[in-house]
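Hi everyone, thanks for making time for this. Let's have the structure up on the screen and walk through it together.

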Amino acid sequence: MADTGENLKSVPREILHGVRVYPNPTEVARAAARLFVDYAWQSISRYGQFFVALSGGNTPRMTYELLASAEFRGQVDWAKVHVFWSDERAVPPDHPDSNYGMARRALLLRVPIPPGNVHRMEAEKANLGRAAHEYEEVLRKYLELDDRGFPRFHLILLGMGADGHTASIFPGTRVTRQTSRWVTTPMVVKLNARRMTLTMPVLDAALRVVFLVVGQDKAETLRAVLEGKAEPPYPAQQVQPRDNGVKLFLVDEAAAALLESGPSQPGDSPREKPAGTIRAKPGRSK
Ligand code: 6PG
């Protein structure tokens, strides 16, 4: 793929292993779109298909819009892409809060993906628990299992809230300790709402987990997550891909404001060691 001037602009500062810093949210979204394209190519050439889980949130939306743009759309063999979700709000698919609805408007309606390759979480169902079991069956139908028996995505895109939640795994909730289920339906007290979410062991089973984190309001939590010492750990900190899976953070300068450079190490190949505990500027511990 030719490197255009536009691409050169988004060469990141990899200040810490597995943490790539971009000047602004638009460049974070562009980097995520480029990774999506690369990972789709790698997975399709190796496995014949690309199984990706999308998240909700504002940063991913920009990435989806870019993937649907003339610049990126033709770079993915959409017929071989299967789209799933990391989490969903308990609303109908046409509700403005629906993660599926957001991805549909921003991306799926604008690329030639076969409708049968789109596997949404049906979190609007009255029996949410049963809907979670049904989603587990969908995952079982399509995904290979790892050696611990968890479904293995080729890529899971995640966001992180200022409280350290990721997907719909919120700090202090029982789902942070879930070790057997693949999909569950936590009550998020602070939002007074149920959600449906992939569980931690499924996030950890992925070949690649990429966090998109932007904004100053996340700087302190990002520092704590990367230091890895918060106890109990933030959900975003807990995610640790097994079997040499990749864990990457694509962040903007505002979110990285409290981080300090450490020795950078190469690579985002699934065969390389993922980011572990890394240094960060001292600050208030949470
Ligand atoms: C959701 C998400 C959630 C999100 C973070 C960050 O459904 O809300 O999947 O985990 O990714 O809250 O969202 P922002 O990028 O909008 O800050």
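This is a predicted model: local features need pLDDT of at least 70, side-chain atom pairs count only at pLDDT 80 or more; totals for chains, interfaces and linings use all residues.

Look at Arg120: this side chain lies over the face of Tyr100, 5.5 Å from the ring centre.

Now the rings themselves. The model has seven aromatic pairs. One I'd like to show you is Phe84 with Phe153, an edge-to-face pair with 5.4 Å between centres and 75° between the planes. Why care where these two sit? Phe84 belongs to strand E4, while Phe153 is in the loop between helix H6 (128-142) and E6, so the pair ties together parts 69 residues apart in sequence. Both Phe84 and Phe153 are buried. They also belong to one aromatic cluster, together with Phe51 and Tyr142.

Next, the sheet. E4 is part of an open sheet of seven strands with mixed pairing, and the order reads E1-E2-E11-E10-E6-E3-E4. At the edges you'll find E1 (13-16) and E4 (81-85), each pairing on one side only. From one strand to the next, the twist averages 25°.

At the E1 end, two bridges join E1 to E2 (residues 19-22), and these strands run antiparallel. If you want to find the place, Arg13 has Val21 in E2 as its bridge partner.

Finally, helix H2 (residues 25-47) packs on this sheet. H2 touches E2, E3 (50-54), E6 (155-159), E10 (208-213) and E11 (246-252), and its direction makes about 155° with that of E11.

Thanks, everyone!

Terms used
Residues are numbered from 1 along each chain as its sequence is written. Side-chain values use heavy atoms; hydrogens and water are left out. Two strands pair if DSSP finds at least two bridges between them. Helices (H or I, at least four residues) and strands (E, at least two) are DSSP runs, numbered from the N terminus. Axes are lines fitted to C-alpha atoms, for helices over the stretch in contact, and angles run from 0 to 180 degrees between N-to-C directions. Contact means heavy atoms within 4.5 Å. Rings of Phe, Tyr and Trp (its six-membered ring) pair if their centres lie within 6.5 Å; planes under 30 degrees apart count as stacked, over 60 as edge-to-face and the rest as tilted. Buried means under 20% relative accessible area, exposed over 50%, partly exposed in between (1.4 Å probe, protein chains only). A charge sits over a ring if NZ of Lys or CZ of Arg is within 6 Å of the ring centre and within 35 degrees of the ring normal.
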